[in-house]
Structures are given as C-alpha cells and as structure tokens.
Amino acid sequence: MSTVVSYLPTANAAPSASQFQSQVSETEIRKVFEAQRATALRLRTSTLDERLAKIKKLKDAVLAHSAEIIAAGAADFKKPPAEVDLTEVLPVVAEANDAMRGLKKWMKPMSVWPSRMTFGLSGWVQYEPKGRTLIISPWNYPVNLTFCPLISALAAGNTAILKPSEMTPHLSAVMVKIVKENFSPDEVAIFEGDAAVSSALLALPFDHIFFTGSPAIGKVVMAAAAKHLTSVTLELGGKSPTIVDATADLKLAAQNILWGKFTNNGQTCIAPDHIYVHASVKDEFVRQCKAVLETSYGADAASQQQSPFLARIVNTRHTARIRGLLDDATAKGATVLTGGKVDESDCYIAPTLIDNIPADAKIMSEEIFGPLLPIIPFNQIDDVIDRINADPKPLALYVWSKHEPTINAVLKKTSAGGTCINHTVVHFLHGNLPFGGVNNSGIGRAHGHYGFKDFSHERAVIRTRIMLAKMFFPPYTDRMRKIVALLMKTV
C-alpha cells in the first residue's frame, strides 16, 4: 500500500553528519547491520520450531499492545478504533496465523520430475533464507505494513531491519517498543528517523529489500538496490479504477466502494481512485452514494467533520496537496456533487464526489490518496478498457457487474496487480492469494506462501543417480552427434 510522499532522498544522496542529529547515527546502523551478518549465517539452519516461536512472539506482542496501537492511531491522525482493529491489528494476526499454519509445508524441499534431458537425475527446489533484509514501511498503515512483511521475513529465516515512517511518530513508538521487547537487534532491529536514516540504510548491501510506498520512491529504492544487485519487493500504488456497469447492484456497490474509498479517509493504495459508471445508471448510483455518506458519516457537513468514523489526513502538507487537486479540478469546470469542505487546520477534507472532470485536471493523472472520488460516465465498456490501458498498470482494479461477458472482457483485456469482482480491497486480506502490483504498481509478491517465497532463495538442487551425461564427454564421436540429433527431435 503506497503513499504519495517522497520521503527518501535521491539514489545518489549521502546523509551528512548534521542530518543524524537527534536520531540514530550511521555508525549505529552499520554496527547493527554487521551484527546481523553472523545471525543470518546461523539462521540458514534455523528449524521450523524456531521460526514459529518468533512469529508467535510477534503476534502475541501486537495483541498485547493493541490498546496502545489504537491510542497511537488516534494521536497520529484520529484513526477510529474500529479501523485500527480492522486494518492494523487484524491483518498482522491473520498473516501470523497463516504463516504458522503453512510454514511446515513451505519449508519442505519441493521435488520435481526429471525432464527428458535429465533422465537419471533427481531434482528439487530447496528454500533458503536470503539473509539480511530491510523493510521500509509507509505511514498510512504503519503496523500492518511493517509487521506483515516482517512475518514473511521471519518465516523464511532471515534477519530484518525495519524503517517505519517518521510521519506517524506515535505508531512508530509502539512498534519500537514491541520490537525491542521481543527481539535482539542482531535478529530484528528498528530505526526511526527521516530521509537521512533511509539513505544510510539503502547504502548497505542487504540481501533483500521490501519497500512499500509510491512508484516515484520505488524507483529510488530500486536504483539503490541495483548498486549491490539486491533483490527487491516493491509494493507501490497508482490510480486504481472501478467500473460500475448497468447490471450492477447499485446500492451494494455504493456501500462497498465508499467503504473501500473512505476508510482511512482515502489514504489507502488500493482504495478505488475513480469510478467509471454506466451513463444509464449514473444518477441513481450517485443518489445511492449520497445516502451511504449520510448514513455512515452524517447528514450535513458539520456532522461529517465531527464524525468519529472518519480519520484525518496525516498532516497539513498532505491536506494542502489534496485540496490543490480539488481546487484545480473545480477551477477547470468540475462539479462537486457532495462534500468539498476543507479545514486544513484540522487536516480534514470531507468525503467528496466529483463530476464533469476535464481530462487535463491533475486529479485525472495524479494518485489522489485522499477522500476525493471522481465519477466518470461511460457508454461502451471498450472505451473504459482503452482508458485503463492508456494509463500505467494499476495496483487494483474493481468491477461491479452481473454481466459475465463484461467481467471477462475486463479481466482479459486489462492488466492489474489484483482485481475484485463485486467487491473492493478485500483481496489484500486473502492470505492464499499473492498481493502485489505489476510494473509501475509494484514488483514481487507479499502475503502467505508468496511472501515466504519472496524472502527466500529458491535453490535448484540436482543429485546424480545414473551418469548418462558421460556419453557426451569428449572426444566427440559421430555416434554422440547422432544421439544429440535424436534428442533434438524428442526433448
């Protein structure tokens, strides 16, 4: 899940000594990194029970500190307790439980059948830890997006250094407490700080980096990793489109889409970014959306701002950025259907539906990452598919329809990291599915077995049973060449 914040320096930037004042020193970072080397070597032979114990310890600690996590979420951006439970604590518990249930099977070598070229050999894939890993997490779901990758790293037998965002300091403080109470720093360490800390970490030769953030900063991380040929998992973002056709259950679609959009006040990488609605049902869909907003958050602007169920934008800078998108759209002719209230001092922007948006409005090209929801009418599904394919591949794509040809056309003719049919965002919670993007929206996969494999090296192993290859040793005879010619026809 990404943010649109550029909180990392450029790939070539080096932290100055002054940047480390009042935070962790570069010397301390290197000391911990070097200490993790010996641990990483030892963990190559770690047992199932050792890994399970670490995962359970982390899960139990998160549950034990859940009240503190809830309080910290409220302090950082007035996050409702129910949303903290649903989007921060529950995903960590589910990820841990999935790993504990599946790890015994995941760790087993996977036997493979010999190919026609390798008759007489046995082969298998052996999963081994990559080693020292770095997890850089964002501010929008700090606990979830730090500890879920950590569970995958621990399941695969790695060490980890965590770098949470400095923009949610209360939640970071709770995570620091959890890590330091439960892990030795040579195994799992956590460093707070600004871009200088991130830069110092990215300069080190980690064996794997897991980054969650914007595509722009994902490129910085990938460039830094390339200097050491370090593998990466990049969970990025982009503009996730939603399609509502004429056959959709409009009431249910409105309820579900607005829940997916306005949870965390729109600060979710897989939130519906904009909605393509069939022109014949657009007015009714908008009416249903307005009814949902009134029921969920209040019947008027004042009551919505006082609603205990709406989080705030993380800071005033982001509030101003989102307001800029709204002001730009309306200045170019867009219509606010409902919402539109902004109180920068309260980091508040009302849930807002926008219509008649011109193509050159910034909101049509920039990731919104806030509570603004463009409504775009369409008549032909192929036109929508063409528009989706003209943009970078999204992290998520949602389809609301009862018409199978429409559903199949969208699935076959578009590309996206993940897709929900008649639902939104819940694919993130499905532990048996890979979560990740494609190209601009991400590289690699997270969650469950897929996260375990991303943090593991799949080592190919061959063992000789019958040495048939000796017939190909020099000197090369005519008979050998005839055998090769035969193989070319049969392999």
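This is a predicted model: local features need pLDDT of at least 70, side-chain atom pairs count only at pLDDT 80 or more; totals for chains, interfaces and linings use all residues.

The bridge links distant parts of the chain, with Asp355 in strand E13 (residues 352–355) and Lys282 in helix H10, 73 residues apart. Asp355 is likewise buried, at a relative accessible area of 7%.

Helix H10, which spans residues 282–297, also holds Cys289, and Cys289 counts as buried because its relative accessibility is 0%. Once its neighbours within four places in sequence are set aside, Cys289 is in contact with Ala254, Leu258 and Leu353. The C-alpha atoms of Cys289 and Gln255 are separated by 7.2 Å, although the two residues stand 34 residues apart along the chain.

## Salt bridges within helices

Arg101 and Asp98 meet through their side chains at 2.8 Å, N to O; they are three residues apart in helix H4, so about one helical turn separates them. Arg101 is exposed, with a relative accessible area of 63%, whereas Asp98 is partly exposed at 22%.

In helix H12 (residues 316–331), Asp327 and Arg323 are four residues apart, and so are again separated by about one helical turn. Their salt bridge has its closest N and O atoms 3.7 Å apart, and both partners are partly exposed, Asp327 with a relative accessible area of 39% and Arg323 with 31%. Elsewhere, Lys78, Arg312 and Asp346 are linked in a network of salt bridges.

## Helix packing

Helix H2 (residues 48–64) and helix H4 (residues 81–107) have axes that come within 9 Å and cross at roughly 170 degrees, and the two helices are therefore roughly antiparallel. Among the residues that meet here are Leu48, Leu52, Ile55 and Leu63 in H2, and Val89, Val93, Ala96 and Leu103 in H4.

The axes of helix H3 (residues 66–77) and helix H6 (residues 169–182) come within 7 Å, with a crossing angle of roughly 155 degrees. Because angles over 145 degrees count as roughly antiparallel, H3 is placed in that class relative to H6. The contact involves residues including Ile69, Ala72, Gly73 and Phe77 of H3, together with Pro169, Leu171, Val174 and Ile178 of H6.

## Backbone geometry in loops

The peptide bond from Pro474 to Pro475 is cis, with omega near 0 degrees, and Pro475 lies in the loop between strand E18 (456–464) and helix H16 (478–490).

## A nonpolar surface patch

Phe119, Ile466, Leu468 and Met471 make a nonpolar surface patch of about 370 Å². Phe119 lies in the loop between strand E1 (110–112) and strand E2 (121–129), and counts as exposed because its relative accessibility is 58%.

Conventions:
Residues are numbered from 1 along each chain as its sequence is written. Side-chain values use heavy atoms; hydrogens and water are left out. Patches are made of residues with over 30% relative accessible area and no salt bridge: like charges are joined within 9 Å, nonpolar side chains (Val, Leu, Ile, Met, Phe, Trp, Tyr) within 5 Å. Accessible areas come from the Shrake-Rupley method with a 1.4 Å probe; for residues, only the protein chains shown count as cover. A salt bridge is a side-chain nitrogen of Lys or Arg within 4 Å of a carboxyl oxygen of Asp or Glu. Buried means under 20% relative accessible area, exposed over 50%, partly exposed in between (1.4 Å probe, protein chains only). Axes are lines fitted to C-alpha atoms, for helices over the stretch in contact, and angles run from 0 to 180 degrees between N-to-C directions. Angles under 35 degrees count as roughly parallel, over 145 as roughly antiparallel, 65 to 115 as roughly perpendicular and the rest as oblique. Contact means heavy atoms within 4.5 Å.
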